[in-house]
Amino acid sequence: MATLHRIDGQVEIPEQLPVVALRDLVFFPYMVLPLLIGRSASVVSLEEAEKGDGLLLLVAQKDADVEDPVAGDLHRLGTVIRVVQTTRLPDGTARVVMEGLGRAQVEEFLPIESGFKARVRLAPGAERENPDVVTPELEALARKVRRLFDDYIESNERLPRELSGTVAAVQDRVRLAHLVSGHLLLSAMEKQELLEALELENHLEILRQILVRELEIFRIEEKLDEQIQHQMDSGRRQLYLQEQLKAITKELGSTEGEMGELEALFRQTPLPPEAKERAERELDRLKHLNPVAPEAAVIRTYLDWILGLPWMKKTKDNLDVSHASGILEEAHYGLKEVKDRILDHIAVLSLVGDLQGPILCLVGPPGVGKTSLGRSIATALGREFVRASLGGVRDEAEIRGHRRTYVGALPGRVVQGMRRSGSRNPIFLLDEVDKLARDFHGDPGAALLEVLDPEQNRTFTDHYLELEFDLSDVLFIATANTLAGIPEPLRDRMEVIRIPGYLTTEKKVIAERFIWPKQANKHGLGSNATGISDEGLNLIIDEYTREAGVRELERRISGVARKLARAVAEGERSVEDLQTVGQEEIKDLLGPPPYTPEPREEGMGRAGIANGLAWTAAGGEILDVEVAVVPGSGKIQLTGTLGEVMKESAFAAVTYARSRANLFGLSPKFHEEVDIHIHIPEGATPKDGPSAGITIAVALISALTDIPTRSDVAMTGEITLRGRVLGVGGVKEKAVAAFQGSIKRVILPNTNSGDLERIPDEVREGMEFLLVRTMDEVLEGALLTMPFGRADAAANEFLDGSQGPGVQLSQ
């Protein structure tokens, strides 16, 4: 390792470095520039550097035309650089930002598999100034170079004027020499000569000579231009300008037509005062710009967006409630709550004439018709429909738009959707609003707050337009699978309507009325083709699908239609001879069922097992809880990929059982004599939440007392240490899952009694709902026999709190 001394510190340079050969370019220390690296050997060297400390040696080629240089084609002195940033481009090249560190001498090139490495040593002298060797002559030479370089910048239009300030701020003379050398517009040969000038005084002297020469050339060129200008008399100059004007007019003929179209569109488009003033100002700027100027294209695009938006245009609503009800019923089966909400809105709108659009959020599992419902609502109201998918959106600019200072800037998805709709009062569907992401680009969820706030969206401002656009007439409908992914402030601005999963009977009706006719027509079987029998549909729903919605059901019915279409195409059947597809034929067409229902254990085999109810993003689900009690030393083991909250519920259930050991007929020290293993099957699926508390407690007490649980009972509720049962969420979805799982009794917390009104009538009438306040009531409803009498005074005293926990247990 060698130490390189710089102004900003020391850098350790290894003895061997990967080498990148440069064509027509010499890289100097202290320069920070992006380079494109595309040759395979250079890419290999870059990758080699990235694996290590990010250091490379850049060496100029002697002949720039050599495509694959060997050691003899390269100079022996180059610049050690540090890779600052690498961006891989689609064509395989790499855009690399490099920082020059110092000069190094190649002692030997070491070929590697596809490139070069070199054994190097640092060039004599440090890459910073030594104050001890500064002489008046050296100072005078440095000042001369500064003045000459300032004149060079003034004379050369290709260099930015700000470079003069940068040079003036540099105090170190070594850095000054490298900075000036790197910005001179010279051949690679002359720059290599400057790079190889290791003595500072010699380096500055060469720079002085080159700058004097270049400035003299500039003066000669300027003098020649002045002589030519004087030689052109006024007649020739006028003729020259006229010819140029003709050529420009010929080339820009189409641009004049485009300008005329813009002016005509501006006169025809109704705009609010602020937008009209801005468009008029931008149109006037465009007239005075060179049509080929980059800014002209930006202004034309901006005007196109302003004139293309529906500032004043509204579609007329169809306010016939019966008409809207018929369309919604025809397109969707069930979904009563959301249909009622839309019909309420139409009814009020028909009375008051003008009403701010509601902001609805449809929350439900995949496949229940949230997105298609938005399109049906637009049809019922007679409005335009526009959809924006927000899944995975992580940049705030996707909602608010990019500022026009950026290349390729565009408005956000909201303004784009409004332009596509062509009216200011469409049905705007914000799909997958629970799947918004956030990172350093910003928070799109926060940007949506202005869009979905009824008090703010009438003055929504897109960063691209920088004009207020009224969104108050838009009926926004957001969709989500779960509320958990929606930020609380955003959730507060929306009216949440939950859509539970479909019942088996509802799926059958949907399959018969919607899915089968659609698939039969799609596969060439005709709208009159016989369908699938009730037994066949039951088989598909129960054993070929496991979902809350109907997407998989549609795929399975599509599979049946494909098989029938193939039979018709191969001549085995004709469309006229197709019979109703029965249960046995379903198995032949779709193969073995993937979801064969498992019968529940009955009798004594049910000890230690309880049916719980869980909520997932795909709807409700029946969740078995198993408890095994084995001789041991008091260990408690929890398995099944349980979350922290569910683990706490399990420990609470164990503590509750210990606190009532003598009431259950157990030894007060049973927890020291046995090990308890609590397991929730489907271990690969993560599970969490407090609602499994009473289920775990029932399974645990059943295992400890060897009293079986009822197989047709399922339950949900949070347990406390004193045996109280607290309310939970997702009751509607859980009840539907229990009904579809042939459960006869559902145990719910008493605080969830209000949720019973939201449960579908078929579910409410097909099951018994037991509302409980304490674990005594839970055990009475879930176990085949009670471990103690209901009238036990000690139990009542314990639950009433007149005695502290454990008072009765010590006896």
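**Notes on sheets and helix packing**

1. An open sheet is built from five strands, ordered β10-β11-β14-β9-β15, with parallel pairing. Its edges are β10 (385–389) and β15 (495–498), each of which pairs on one side only. From one strand to the next the twist averages 20°. The model is a predicted one.

2. Within this sheet, strand β9 (residues 359–363) runs parallel to strand β14 (residues 475–480), and five bridges join them. L362 has T479 of β14 as its bridge partner.

3. Helix α15 (residues 413–421) lies across β10 and β11 (427–431), and runs at about 155° to β10.

4. Elsewhere, pairing is antiparallel. Strand β16 (residues 609–616) pairs with strand β17 (residues 619–631) in that sense over eight bridges; here L613 is partnered by I622 of β17. β17 is also joined to strand β19 (residues 674–679) by six bridges, again antiparallel, and A628 stands opposite H677 in β19.

5. How do helix α19 (residues 534–544) and helix α21 (residues 583–590) cross? Their axes come within 8 Å, at roughly 45°, which makes α19 oblique to α21. The crossing is right-handed. On α19 the contact is made by E535, G536, L539, I540 and Y544, and on α21 by Q583, I586, K587 and L590. By class, five of these residues are nonpolar, two polar and two charged.

Key. Residues are numbered from 1 along each chain as its sequence is written. This is a predicted model: local features need pLDDT of at least 70, side-chain atom pairs count only at pLDDT 80 or more; totals for chains, interfaces and linings use all residues. Side-chain values use heavy atoms; hydrogens and water are left out. Axes are lines fitted to C-alpha atoms, for helices over the stretch in contact, and angles run from 0 to 180 degrees between N-to-C directions. Helices (H or I, at least four residues) and strands (E, at least two) are DSSP runs, numbered from the N terminus. Angles under 35 degrees count as roughly parallel, over 145 as roughly antiparallel, 65 to 115 as roughly perpendicular and the rest as oblique. A crossing is left-handed if the near helix is turned anticlockwise from the far one by less than a right angle, and right-handed if clockwise. Contact means heavy atoms within 4.5 Å. Ala, Val, Leu, Ile, Met, Phe, Trp, Tyr, Cys and Pro count as nonpolar, Asp, Glu, Lys and Arg as charged, and the others, Gly among them, as polar. Two strands pair if DSSP finds at least two bridges between them.
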